[in-house]
Amino acid sequence: MVTGSAYVLTSGSGKSILIDFGMFQGSPELEKLNYEPPDYDFSQLTAVVLTHAHLDHCGRLPILLSHGFKGNIWMTPPTRDLVEITLYDSAKIAKEDGSQALYDHNLAVQTVLRIETVDYRVPKQIGDFTVTFRDAGHILGSSSVEIVDNHPEGEIKKIVFSGDLGNTPEPLEKETEMIDNADVIVMESTYGDRFHPKSNPEDTVRDEINAIEKSGGTLLIPTFSLDRTQEILHMIMHLKKEGKVKNETPVFLDSPMAEKATRVYVNYPKNFNPHVQDDLKVGSIFDFPGLTIIGHGGESLSLHQNPEAKVIIAGSGMMTGGRIRAHATHYLPLESSRLLIVGYQAEGTLGRELLEGKKDVNIDGINTTVKATVTDTQAMSSHADQGQLMSWLKHIKGVKKVILTHGEDGSRETLSKKISEELGIKDIVLPITNQEIVI
């Protein structure tokens, strides 16, 4: 599956670290996995290494403290700032919607206090390993991690965890950093069975906004708070600056978490690619005429009384929660409305149902008929496609074993065959949850 990333890596010395501890997201069956008793003694861990701040990689971190973990959690500085927002928001949502909470705000605070930061390309001794963070180009602060076992039992010394690799070149981030050598690769495979279209996503966003400018309708864009929201804002900034959409067309950012994350992005200008750094020299990269930040929930619902053409950007990205669901209930039955899906939609999510053309959906107990126009763009994915995954792996010399994770089975199987045929690597593992692999 794509969500719930978590890996225990044990040194030849017998000491272990944890790489990521993400939340399971998607269908109710998947989300139940978050509440299963852990099949591991977390008090034995020396430390945790985090690749990036998306919930499916960091969302269960506070649980570690409830189960005896005493060590630190290592990540890049931008990831630290985004993780704080992500964990606090997760605890807040669980409290507000009355669902069974994995942890409360206080435990999230205690977790953040355990965080230590290290910059890209600075080797760091963590337990019995030397860890180096490399820029994965996925979201702000995202990393692939090179891990050298300082007490190996055999020939296998260096293992690389890809984290989530970016769709280079990304609109905001620098290019994915290549890694020169490794013995074993643990590699994501989200889009291991396909290539992203070469279309320009800015054209799709322009066309969708132009359509509601003509019809007087509402364009809903469900977005992930981290990175996708910032990419959309940056695109609209350019579209308005270049006169491709009307300056007066109102755009509402209706996601408190995304607004906080956007402020973090602004604090790390050196992490942006050269194009964005050029934009920064002449002004804000996320602000533009007609942009309104929505605060409390009452303001959000009051948008439904606003009859003018408008764009609403709201979380969550897969429409599993957040303010986008109330907007969907109100606007999807209207023929003048449009929905633009700009990110990955996991099986079992409302976003996936709409993407697949379902015309009757249930949203929080409300049966909703879909008359709105639903469009999507795969060109905005922040994950590498098959070609980019292969290029990243091909660059790494000395690989003896590849472990494919973070992908649905069809994607993993296709990528496994491709790696075997083109790179000649025959030792490829497609693990299942809680499987132990001896390397």
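Residues are numbered from 1 along each chain as its sequence is written, and side-chain values use heavy atoms, with hydrogens and water left out. In this predicted model, local features need pLDDT of at least 70 and side-chain atom pairs count only at pLDDT 80 or more, while totals for chains, interfaces and linings use all residues.

**Stop 1: α4 and α8**

Select residues 77-97, helix α4, and residues 256-266, helix α8. Helices here are DSSP runs (H or I, at least four residues), and strands are runs of E of at least two, numbered from the N terminus. The two axes come within 10 Å and cross at roughly 170°; axes are lines fitted to C-alpha atoms over the stretch in contact, and angles run from 0 to 180 degrees between N-to-C directions. That makes α4 roughly antiparallel to α8 (over 145 degrees; under 35 is roughly parallel, 65 to 115 roughly perpendicular, the rest oblique).

Now show the side chains. From α4, P78, D81, L82, I85, T86 and D89 meet M257, K260, A261, V264 and Y265 of α8, where contact means heavy atoms within 4.5 Å. These residues divide into seven nonpolar, one polar and three charged (Ala, Val, Leu, Ile, Met, Phe, Trp, Tyr, Cys and Pro count as nonpolar, Asp, Glu, Lys and Arg as charged, the others, Gly among them, as polar).

**Stop 2: α13 and α14**

Select residues 386-395 for helix α13 and residues 409-423 for helix α14. Their axes lie 11 Å apart, at an angle of about 45°. That makes α13 oblique to α14. At this contact, Q386, L389, M390, L393 and K394 of α13 meet T414, L415, K418, I419, E422 and L423 of α14. By class, six are nonpolar, two polar and three charged.

**Stop 3: the cavities**

How many cavities of 30 Å³ or more does a search of the whole structure find? It finds two. A cavity is a set of points on a 1 Å grid over the protein atoms alone where a 1.4 Å probe fits but cannot get out, and lining residues have an atom within 4 Å of a point. Volume is the space filled by probe spheres set on the points, which are joined across faces, edges and corners.

For the largest cavity, select Y7, S162, G163, V186 and T405, which lie nearest its centre among 14 lining residues. The space in this cavity is about 70 Å³. Strand β10 supplies the largest share of the lining, three residues.

For the second largest cavity, select Y120, D135, I139, L140, G141, L172, E173, N271 and F272. About 50 Å³ of space lies there.

Key. On a 1 Å grid over the protein atoms alone, a cavity is a set of points where a 1.4 Å probe fits but cannot get out, and a pocket is an open set with protein on both sides within 12 Å along at least five of seven lines; lining residues have an atom within 4 Å of a point.
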